[in-house]
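Work through the following exercises with the sequence and the 3D structure open beside you, and try each task before reading its solution.

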Amino acid sequence: MSDLTEPQLRTLVEAFYATIRQDAALGPIFNDIIEDWPEHLDKLTAFWSGVMLGSGRYSGNPMAKHVAIRARLSPALFSRWLSLWGETAARLLPPEPAAAIKATAQRIAHNLQRGCGLLENI
Ligand code: HEM
């Protein structure tokens, strides 16, 4: 586990989705599907709190949510997502937690892509 705090995660999540909503490739997907942004940001902060801090604050099924929209997803979009996530983390967090949360996102993104059938035999 890293030295991240809940307020740092909240700030990171808010900045990341503010950026992603304006991204030409990713923005339309999120803006089409997410109806309640405050709720989404609460949920994603809870998700990262669960993953990075072991808080158990999140209960949900990200795999099912992404499988449901798999027709709109691609490895290129996941790369873009990861690059924006890495940039935002590097901008807002100290180097060590930034590297930790970037690596964790890469691992989860890989699993999501595999679950969505976007990767063959990797
Ligand atoms: C191309 C990349 C991605 C796209 C376009 C995308 C898009 C979305 C969308 C539209 C939702 C809302 C689904 C709904 O409410 O029906 C969602 C939910 C979510 N996403 Fe992603 N996502 C991507 C990658 C990721 C990655 C890499 C992670 C984690 C590292 C992630 C974590 C989550 C979580 C935790 C939720 C909330 C699931 C729930 O409702 O409990 N996403 N995503």
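**Exercise 1.** Among contacts in the protein between residues at least 6 apart in sequence, what percentage join residues at least 24 apart?

*Solution.* Begin with the source: this is a predicted model, in which local features need pLDDT of at least 70 and side-chain atom pairs count only at pLDDT 80 or more, while totals for chains, interfaces and linings use all residues. Residues are numbered from 1 along each chain as its sequence is written. Of the contacts between residues at least 6 apart, 71% join residues at least 24 apart.

**Exercise 2.** Find which residues of H6 are buried and which are exposed.

*Solution.* Count the other C-beta atoms, placed from the backbone, within 10 Å of a residue's own: 20 or more means buried, 12 or fewer exposed, and anything in between partly exposed. Ala98, Ile101, Leu112 and Gln113 in H6 are buried. They cover an arc (of the directions from the helix axis to the C-beta atoms) of only 105°, which puts them on the same side of H6. Glu96, Ala103 and Arg107 are exposed on the other side. The cover over the buried residues includes helices H3 (37-53), H4 (62-68) and H5 (75-92).

Technical notes: Helices (H or I, at least four residues) and strands (E, at least two) are DSSP runs, numbered from the N terminus. Two residues are in contact if their C-beta atoms, placed from the backbone, lie within 7 Å.
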